[in-house]
Amino acid sequence: MSPEVNSNGWEPRIIAFFCNWCTYTAADLAGVSRLRHAPNVRIIRLMCSGRVDPQFVLDAFVQGADGVLIGGCHPGDCHYMEGNYKALRRFRLMRRMLENMGIEPQRFRLEWISASEGERVRTVVNEMVETLRPLGPLALPQQRVRWDEELHEHVTDEKEVKSHAG
Amino acid sequence: MILWPMLGFIRGKPHADPRARMRKLKYEKELDLAFGEHVAAKAYGQKLLSCIQCGTCGSTCPLSDYMDYTPRKIIAMTREGFKEDVLNSLTIWLCASCYACTVQCPRQIHITDVMYTLKREAIAAGVYPRRYPIPVFSRQFFDLVRRQGRNSEGRLLLKFYLKTNPFRLLSQAWLGLRLMWTGRFSLKQDRVHDMQKLKRLLAAAAPSKEVPS
Amino acid sequence: MKRYLLYPGCSLHSTGKAYGESIGAVFSHLGLELSELKDWNCCGATSYASIDEMEAFSLAARNLALAEQQKDGERPDLVAPCNACYLVLTKTQQYMTQYDNVRKTVDRALTEAGLMYRRSVRVRHPLDVLVNDVGLEALQQHVKEPLNGLRVACYYGCQVVRPFGLIDDKFHPTLMDRIVEKLGAEPVDWSLKTFCCGGSLTGTIPDAGLPLNRSILTEAVRRGAGVIVTCCPLCQFNLECLQNKLRARYGLSVEIPVLYFTQLMGLAFGLDDRALGMQRLFVPVPRRWRVLKGGDTVHA
Amino acid sequence: MPDHNGSIRIGFYICHCGHNIAATVDVEAVARYVSGLPNVVVSREYKYMCSDPGQELIAQDIHDLNLNRVVVASCSPLLHETTFRTAVERGGLNPFYFQMVNVRENVSWVHEDRRAATLKAMDLARAAVHRVTFHKALERKFVHIHPDVLVVGGGIAGIHAALTLANSGKKVYLVEREPTIGGHMAQFDKTFPTLDCAACILTPKMSAVKAHPNIKLWTYSEVSSVEGYVGSYTVKVRRKPRYVDEELCVGCLACIDECVYKEPKYADSFNLGLSKRKPVYLPFPQATPKIVVIDPETCIQFKSGKCKQTCVEACDREAIDLKQAETVEEIKVGTIVLATGYKTFNARRTPQYGYGRFPNVFTSLEVERLINASGPTGGHLVTREGREPRTVGIIHCVGSRDRNTNRWCSRTCCMYSLKLAHLLKEHTGAEVYNFYIDIRAAGKTYEEFYDRLLEENVHFIRGRVAEVTDVAAIPEEEGHLIIRAEDTMIGVVRRIPVDMVVLAVGMEPQADAGDVRRLFNISCSTEGFFLERHPKLAPVETFTDGIFIAGACQGPKDIPDSVAQAGAAAAQAQMLIDKGEVELEPNTAFIDEEHCSGCKSCIPLCPFHALSFNEATGKAQLNAALCKGCGTCVAACPSGSIQQNLFEDSMIFGEIDGLMNMVYETGKEVADVA
């Protein structure tokens, strides 16, 4: 994602996985209705929110996303009957896992947005950008470099390692 | 029956052109085109701008017969920037805050809040009708509470009549006496103990210090 | 036993004394503990908000914060019997949640005064407490002298249900009617339950404010009511104390007692007249009610 | 990077869409930027990519530059993906070597800042350029269309759709929930603006439905399940027992005469409770089919089991069968037309108008019945006291244009109010007042009708009514209902005493529209009406192929519009049937058997039972005909051995990587952006 510079020099970067039938269509509707919103989201279209592989989410964070948004049909409305329930199950598990990894739960969001809720797309996107702003960059790629350095320090400083082991 | 305060003839600052209110021609330069959005922002939301002029507010208002403009017209004039006419109008002062219009408005405009906003704008602009009883009453109430933290109904009424029309006090004497006999009237001022802090609280809420949303 | 904090507001200390007294009597008869909020201040009603809204919200919020402080951990129920106080306190709560600028300004003002408001207060109207906490069935059990045959016009005033409609219907509230029914009396069906009484306009612009009261009084009588009950001190004052003036100058042709609903409840519970502030009424309750309270059906 | 990198040749095209995209996105900068990305052979911008020359540009480049991948950045793929795939195919390339970037709906239309929008467009373009390298050639997939059609709802829209299809030789199943077809139109007296009698124009069509050899009419029936996909739906229809044998009953109505109830006792729903009926009844004289119904809720035999059953004796054809039970029919159809209609707004939700409190406040539909010659008063328009009203007020927009109830305009109320005003005046000579916000008379010859009403001296007061009250302010108002409204044209508040109030209630989605929508797997708009595929260009199609919508279930509309839409829906269905087959997205899943560990975790996930376990091989196997391409199994496979065509893991990871700038280093091009 290209660096978007504002006065603070940093803008949240969000990857969104939207299902074809509800949320992607709603995003189209937001477009047709010219509902202006924050330009921080990049949408990836999938057929169903049930297609969101947890690895996609991890990959997005690892590659530098500050937030991941999944959009699916409302419960009971899935075009494929129950894909959104599968998404919900995975989402809950994932969020717990991400939290354990030190990624704030606000960075990962699941929203039910039906095809007619263009307005909701705008609200959710704007909200999420505003939630991420105070959290600051996640910057996992840079973090990995830092972790490597830390690890390196630990390994070279043997005393430190021992005291931790004790 | 004492004729004043019959409506309409006691005005605050007279219009620059006394016939202005009668005129059926308005030049764009006489208007403040930003006024509508300004009031909408102050009165909780842009809904004001979505008014369709259906007149529900005018017909639901129990006091519209005494107003110089119906609430509907006030909204239209606010939206279109007729600032001077709106702030000089009696309508905004006659609103008794019964919220009948607010709950019925098909556009969910907070009409009562709009009226409050316009009252404050009128005071800020110094154009409200000076001796018109309602702003005087509000001011007396405001001052009493600011000083004591509480209102005293007896004192408020006394001051009010002295400020507006002392003669009317005479016509109220009997009512006052009956209230006293039944123990429902007292000139004793009730007050808050911790006035120091209350004053600090009010100072912090002053308009100049309002936190923008 | 449930404990409540009372927010009396300015009226219950003067024109609305009987309201405060009758609430006290009824609440204690029902075994509800009611203590006055210490060092309360003006709610910041209509007139104040006309001059400065944020100050008005802050005034209201101070009371809420005090309620929290005085309840110390327990979730306070703050009973505001005056419709205007009830509305202003409720509106402050609502706007503080809904609008950022209100919340921020008010929170800062409270901090300046060494207070903090954690949003835990429930603002209650006595109608709400009596119907929803005590319950109609329980109320009925306390009725010693049922008001059989008495036709009652319940007048709610505007601000108890509007604009939020939290405890009853915004157009046709029934809380008071349901209580009146349990007292053995008969509520009349009429259309002016929430019609505006003019508020302070009766004093400031009598030509605008007083006719509203004439309409309410006339319609109540036309509907066959022998008494009007109300739940707001300003409504009670306007409807009762100005009847003479209405007759003299605004063509009112009827006379009807106007009671607080808590006074009517007290009568049915067999409580002492003085405890209910009955002596403070301008239009006294007709003597024949005494017969009626005995159980005979005499139309008032 | 994929090892076949060397052979990838990408063509990138960004569309101006006139000013739609170019005004917000610097398309030249994007084209310039993409031209610098690896594998991109050509990068162009063009005014209208979807135009013939635009498409030709792609085909020509494929040919001239030997492209093997194409990316187009323009509008939403939901709009033009097929267009560009076809263009790619015309150029001699497999159509699935194509990826589309949405820079209009997702970018230019929702952002204002040109720089931010351009950067976002670059990101999305880069992601697509990276994704498309992983694309594979796929075969186009077709399915056969079953020629039979199901029409749900027997109002005027359903009737018209069914007749149109049947007349073109298609077999139609028409399912109606009520005991008769006809819908709301059968309840109307006259129709605007021509004032022709509703029954006169409707009943011939109802009879035609009944008599048509190609229509199977099932009334008192509801669809209970729908399975399958375009071309091949299996539908179950629940047929409620009417306790009368449809084959035997001839509609002589002897049973009604002989019912143990000598007088009608129960509210007649066709007349909205304004009259009474017996437990055995015919909804109205022209009901189609003309077969009686027995209502088990009110029939003594069903309530107590102790009835003399005089109705059974009365029927010489022995058609009455009190033991009849519900049956379920299963049918196969290729296409479905939904015409399930609307319901009127419940006037009790606007208590300020006193409906239910004041007896002389009526809804417009009630007045239709009161004016109708076969209605409860035989066409005599009278108040509840039985007097002809001398003044009538019609309140428009009840439950319409109101954020407290329904925000939308119901589109029909202005016109039917004018019609009722005319009829009321004609029948009773009453003074009629219309209270309106705006008169919307936009149909053909509607404005002329409004003119006519004005000249008939009907009162038009522009002001929404605040309340209807019985509180008289002056003696002259005593005994009347008083309508209080601001006459906004004159600028005064008026109090108008009337004898009768008519509430022009708006149109709402059916109470069970949500259930029906789920049943047929289509979408609803926020208000609850069925959602069309495109508001302008696909007004009768839904997001589910093969399911079409007609009439007021899609949104408030009058009879002419409902009929027009029903015709359109029928034509759409017919088009599919005549074509005989339809192309499906080839986005089904497939299994890499070599890597499948046989863990079976995918099998219970598939809601369409497309996955099973092959005991012989110890691997999962997939029935592609059943797979609908959601990809849920793909996301769950722990070994990554299920993949989804067009949405393979590599493609999605490619898109993510492309978006997050980890693959290609962007350089100065980005800095060039304005």
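Entry 1: I'm working on a predicted model, where local features need pLDDT of at least 70, side-chain atom pairs count only at pLDDT 80 or more, and totals for chains, interfaces and linings use all residues. Residues are numbered from 1 along each chain as its sequence is written, chains are lettered from A and ligands numbered from 1 in the order in which they are written, and side-chain values use heavy atoms, with hydrogens and water left out.

**Entry 2: chain A against chain D.** I get 56 residues from chain A and 56 residues from chain D, with contact meaning heavy atoms within 4.5 Å. The buried area comes to about 4,800 Å², 57% of it from carbon and sulfur atoms; that is the accessible area (1.4 Å probe) the two parts lose on being put together, summed over both.

Next I looked at the charges. The rule gives 6 salt bridges across this interface, each a side-chain nitrogen of Lys or Arg within 4 Å of a carboxyl oxygen of Asp or Glu. I noted the salt bridge between D:E81 and A:R45, at 3.4 Å from N to O.

Then I asked which elements of chain A touch chain D. At least two residues each come from β1 (14-19), α1 (23-32), β2 (41-46), α2 (54-62) and α3 (83-100) of chain A. Helices (H or I, at least four residues) and strands (E, at least two) are DSSP runs, numbered from the N terminus. α1(A) gives the most, with 7 residues. By class I have 27 nonpolar, 13 polar and 16 charged residues on that side of chain A; nonpolar is Ala, Val, Leu, Ile, Met, Phe, Trp, Tyr, Cys and Pro, charged is Asp, Glu, Lys and Arg, and the others, Gly among them, are polar.

**Entry 3: salt bridges elsewhere.** C:K182 and C:E137 pair at 3.6 Å, N to O. They link distant parts of the chain, with C:K182 in helix α8 (residues 175-182) and C:E137 in helix α7 (residues 136-141) of chain C, 45 residues apart. C:K182 is partly exposed at 23% relative accessibility, while C:E137 is exposed at 51% (buried is under 20% relative accessible area, exposed over 50%, partly exposed in between; 1.4 Å probe, protein chains only).

I also checked C:R223 with C:E219, a salt bridge at 3.0 Å, N to O. Here C:E219 is buried, at 2% relative accessibility, and C:R223 is partly exposed, at 23%.
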